[in-house]
Every structure is written in C-alpha cells, then in structure tokens.
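Please read it alongside the sequence.

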Amino acid sequence: MKNVYLVSYDVCDAKRLRLTYRKLCGFGTPLQYSVFRCELSPMQRQSLKEQLWDILNLDVDRVMIVDLGPAGARGDECVEFWGSSRMAVPTRTAVIV
C-alpha cells in the first residue's frame, strides 16, 4: 500500500540542488519549487531516502517528508493551493492492462 508524502528540501549547493530535483522527479510530482508530492510504498520511501542521502550534505542541507496518509484517501484531499499552482495534484485512476 502506498502513502502520499509531501517532500520539501533546502539544498545549499546548486549542483546538489539540481541532482535532488532530478532524483525527486523520478519519485513524484513537483508541486512548487522544492516541494514534491510522492506516492511511495515503504520500500520506495526507503529507496528515496538512501538515494537522497548519497546526494545531500546533511551538515548543511535538509529534507522534510510529511506523511499525508494512504493514496486515494485523505492523502489526495489534504493538499490545497491558493493562487496558481505550478502543477495540479494528479488524479488517481485505475489502469486496466
């Protein structure tokens, strides 16, 4: 089961900032500068954590991860935008293969 996470970061170095952004694009959707919405299983969350730790300098950079709850439940409804959002929160739909 996946949960929705709000991930934000402060990265001091331009190179690490770009690497962090690119890495998070592989895990979620950018909502604003330095803020992502990610639907992650526990294994994906751990993988994200390990991959970001390889990029970040934890003495000067930081990441905040907020668990918004299960995907398809409150996690999808508790993000509210005022003004124009950079990107809309994606809607979940079933994919029949």
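Apart from its neighbours within four places in sequence, Val 66 is in contact (heavy atoms within 4.5 Å) with Val 4, Tyr 5 and Leu 6. This is a predicted model, in which local features need pLDDT of at least 70 and side-chain atom pairs count only at pLDDT 80 or more, while totals for chains, interfaces and linings use all residues. Residues are numbered from 1 along each chain as its sequence is written, and side-chain values use heavy atoms, with hydrogens and water left out.

**Val 66**
- Val 66 lies in strand β4 (residues 62-70); strands are DSSP runs (E, at least two residues), numbered from the N terminus.
- The relative accessible area of Val 66 is 30%, so Val 66 is partly exposed (buried is under 20%, exposed over 50%, partly exposed in between, with a 1.4 Å probe and protein chains only).
- Leu 6 and Val 66 are 60 residues apart in sequence, yet their C-alpha atoms are 5.0 Å apart.

**Burial of strand β3**
- Strand β3 (residues 35-40) is largely enclosed by the rest of the structure, because six of its six residues are buried.
- In a regular strand, side chains alternate between the two faces of the sheet.
- Val 35, Arg 37 and Glu 39 point one way from β3, and Phe 36, Cys 38 and Leu 40 point the other way.

**Partners of strand β3**
- Strands pair if DSSP finds at least two bridges between them.
- Strand β1 (residues 3-10) runs antiparallel to β3 and is joined to it by six bridges; Val 7 has Phe 36 as its bridge partner in β3.
- Strand β2 (residues 28-32) is also antiparallel to β3, with four bridges, and Gly 28 stands opposite Cys 38.
- Two residues lie between the strands in the hairpin of β2 and β3, where Ser 34 takes a positive phi near 65°.
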